[in-house]
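Student: I have a new structure to read, and I would like to learn how. Where do we begin?
Tutor: Let us look at it together, one feature at a time.

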Amino acid sequence: MKTDLLLVPMGTDYPSMRAAALAAASAGFAGIWTWDHLRSDRGDGRPTPEAWTVLSALADAVPGVAIGPLVLNVINRHPGVLANMAATLQQVSGGRLILGIGAGGSGATPYAAEQRAIGQEVASDARRAERVVEAVQVIKQLWAGDASTFAGRHYQLQRPVGFLKPNPPPPIIVGAFGLRMARIGGQYADGINTQATHPDLAAMIDAARQARAASGRDPDGLLVTVFAGLGESWLRRSSRNRQTLEALSVDRLILLVEPPYNLPAITEAGGFLNR
């Protein structure tokens, strides 16, 4: 199981994120992630750098580690545009992108406010899940060079030709906090992401693997990523927390660090990875 670091973007700037990413890579973390939000979840005016721009810069500045958004809200970027963005970033990074996408916050979350602030719909859970399915279908179709017309409820393609194709296509993981999204991740995408401490973690992984098998693919090929706060219990390879994840065949553990980033602490955290 690989261990990555997620840089929480609320209340920081790109130079600070770059410094933290470089420290994490030097410390032995295998990947760098950030959240896709346009403002602070508290609406308090803290600066919040945009995820894709940051990742594009980090792909060039920090070699040798995976990079990814955890996870992109599909309503913020048309999947046709996102397909080209991801193909470009895969080229820039030399094949290190993991593309995380999700349905965005429901109306019950503080993140719904940022959607309403820019005039975006905050739809029902079912409608937002439909968008994720169609977004994955559109992205994969464009990456495959399939010029067929796509007529979905939310997105359409009219004989698309000549779009940039990534080599290799990055894996797509779907943010899942319940069985519905876990099944979507297994059936349509390449993996899922959820909380390391989710009470239904085993059930969601199993549901995603079953959905992948039903789609005619090897269930063992599902990419499972989980996130937790940065702490020693998640860093020590002998810890019960890590052993639990290993038993579930989790592929990547993504640990969150908030600004102001403590660079010596990131370096020290990396030292636990082989203990």
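**Reading strands, sheet and spaces**

Tutor: Start with one residue. Val-224 lies in strand 10. Keep in mind that this is a predicted model.

Student: Is Val-224 buried or exposed?

Tutor: Val-224 has a relative accessibility of 1%. The cut-off for buried is under 20%. Val-224 therefore counts as buried.

Student: Which residues does Val-224 touch, leaving aside neighbours within four places in sequence?

Tutor: Val-224 is in contact with Ile-192, Ile-205, Arg-209, Ser-249, Val-250, Asp-251 and Arg-252. Now try a distance. Val-224 and Thr-244 are 20 residues apart in sequence, and their C-alpha atoms are 13 Å apart in space.

Student: How many of the seven residues of strand 10 are buried?

Tutor: Six of the seven are buried, so strand 10 (residues 223-229) is largely enclosed by the rest of the structure.

Student: How do I read the pairing of strands?

Tutor: The general idea comes first. Strands of a sheet pair through backbone hydrogen bonds, in a parallel or an antiparallel way. Here, strand 9 (residues 191-195) and strand 10 run parallel, joined by five bridges. Ile-192 has Val-224 in strand 10 as its bridge partner.

Student: How does the chain get from strand 9 to strand 10?

Tutor: The chain passes through helix 7 (residues 201-214). This β-α-β crossover is right-handed.

Student: What about strand 10 and strand 11?

Tutor: Strand 10 also pairs with strand 11 (residues 252-257), in the parallel sense, over five bridges. Find Ala-228, and you will see Leu-255 of strand 11 opposite.

Student: What is the order of the strands in the sheet?

Tutor: The order is 3-2-1-11-10-9-8-5-4. That is an open sheet of nine strands with parallel pairing.

Student: Which strands stand at the edges?

Tutor: Strand 3 (66-69) and strand 4 (72-73) do. Each has a single partner strand, so one side of each is left without a neighbour in the sheet.

Student: Can we look at another pair?

Tutor: Take strand 1 (residues 2-7) and strand 2. They run parallel and are joined by three bridges. Leu-5 has Ile-32 in strand 2 as its bridge partner.

Student: Where does Thr-34 lie, and what is its relative accessible area?

Tutor: Thr-34 lies in strand 2 (residues 31-34). Its relative accessible area is 2%, so Thr-34 is buried. Beyond its neighbours within four places in sequence, Thr-34 has contacts that include Leu-6, Met-17, Leu-55 and Leu-70.

Student: How do I find empty space?

Tutor: A probe the size of a water molecule is rolled over the atoms, and this shows where empty space is left. In this model, the largest pocket has a volume of about 780 Å³. Its lining has 26 residues, and the closest to the centre are Val-71, Gly-104, Gly-105, Tyr-111 and Phe-177.

Student: Which elements give two or more residues to the lining of the largest pocket?

Tutor: They are helix 4 (112-117), helix 5 (125-144) and helix 6 (179-187). Helix 5 gives the most, with three residues. By class, the pocket lining has 10 nonpolar, 11 polar and five charged residues.

Student: How many cavities of 30 Å³ or more does the structure hold?

Tutor: The structure holds one. The largest cavity has a volume of about 80 Å³. Residues that line this cavity include Asn-73, Gln-115, Glu-121 and Arg-128. Its lining has four nonpolar, four polar and three charged residues.

Notes
Residues numbered from 1 in each chain as written. Predicted model: local features only at pLDDT ≥ 70, side-chain atom pairs only at ≥ 80, totals over all residues. Heavy atoms only, no water. 1 Å grid on protein atoms, 1.4 Å probe; cavity = no way out; pocket = protein on both sides within 12 Å on 5 of 7 lines; lining within 4 Å. Points joined across faces, edges and corners; volume = space filled by probe spheres on them. Helix = DSSP H or I, 4+ residues; strand = E, 2+ residues; numbered from the N terminus. Nonpolar A, V, L, I, M, F, W, Y, C, P; charged D, E, K, R; others polar. Buried < 20%, exposed > 50% of the residue type's maximum accessible area, 1.4 Å probe, protein only. Contact = heavy atoms within 4.5 Å. Pairing = 2+ DSSP bridges. Right-handed = clockwise from strand over helix to strand, strands pointing away.
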